[in-house]
Every structure is written in C-alpha cells, then in structure tokens.
Amino acid sequence: KANNVYKSDKLIRVSLQYDESDNTIHSIIITGDFFLHPEEVLERLEDNLVGTKLEKEPVMSVISTSLNSSKVFGFDPQSMTEAILGCLNK
C-alpha cells in the first residue's frame, strides 16, 4: 500500500494498492479539496484506474477519458497523474 499527498492548484491525496510484479493498480482512493461535477465521476475514475499500469501515458489516458464530460476544479490530468505516480517513490 502506498500513499501520496500532492499539491497542484488544490491538495490531492492518493491511497493506492498495486502489484509490484507488474505495476498495476489493485485499488485506489483519491481525495482532496478539489471539485468534480458530477460527483460520481470520481468513483468512475477510481474504478477505471484499477488494472491500469503505473506509467505516465496509460494513467493520464484513463484520467483524461474518465473526466471527458465533467467539470473539474483544482487539478488537471497531468497533476492527477503526477499525484498517482508519486506513490511509487515512497
């Protein structure tokens, strides 16, 4: 289990469980003082990230696709990707 706190425009907290043998996400919880509309987008994002390889391109692609039709305040796909990948450096 790995955790990371990341500061972009707003605070992003990521709690992550991943498989070290193939670097894929088993479970992820994202919290912070950002806003998403509609709110269920965050749950969809977390679900979509499960099984994703912990590398910049695949993670950013899933984030961009998941947030496609929503309004996001406080982070962008780049900063969320950095917050998630930051768990690997702990």
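These notebook entries cover what I looked up in a predicted model of one protein chain.

**Ground rules.** I number residues from 1 along each chain as its sequence is written, and I use heavy atoms for side-chain values, leaving out hydrogens and water. The model is predicted, so local features need pLDDT of at least 70 and side-chain atom pairs count only at pLDDT 80 or more, while totals for chains, interfaces and linings use all residues.

**Elements.** I looked up the secondary structure first. The protein chain has 3 helices and 5 strands. Helices (H or I, at least four residues) and strands (E, at least two) are DSSP runs, numbered from the N terminus. From that end the order reads β-β-β-β-α-α-β-α.

**Overall form.** I checked the radius of gyration, taken over C-alpha atoms, against the globule rule of 2.2 Å times the number of residues to the power 0.38. A compact globule of 90 residues would come out near 12 Å, and the protein chain has 12 Å, so the two agree. The C-alpha atoms fill a box of roughly 35 × 20 × 20 Å along the principal axes.

**Contacts over the chain.** I took contact as heavy atoms within 4.5 Å. Among contacts between residues at least 6 apart in sequence, 48% join residues at least 24 apart.

I counted residues as buried under 20% relative accessible area, exposed over 50% and partly exposed in between (1.4 Å probe, protein chains only). On that basis 41% of the 90 residues are buried. A nonpolar core is a set of buried Ala, Val, Leu, Ile, Met, Phe, Trp, Tyr and Cys residues joined through side-chain atoms within 4.5 Å. The largest one has 25 residues; among those with the most contacts inside it are Ile12, Ile30, Leu49 and Ile84. Elements giving it two or more residues are strand 1 (2-7), strand 2 (11-19), strand 3 (24-32), helix 1 (40-49), helix 2 (56-66) and helix 3 (77-85).

I then followed Ile84. Leaving aside neighbours within four places in sequence, Ile84 is in contact with Val14, Leu16, Ile25, Ile28, Ile30, Leu49, Leu54, Val59 and Ile63.

**Backbone.** Most residues other than glycine have a negative phi, and most peptide bonds are trans. I noted two departures. The His37 to Pro38 bond is cis, with omega near -5°. Pro38 sits in the loop between strand 4 (35-37) and helix 1. Asn23, in the loop between strand 2 and strand 3, has a positive phi near 55°. Asn23 counts as partly exposed because its relative accessibility is 27%.
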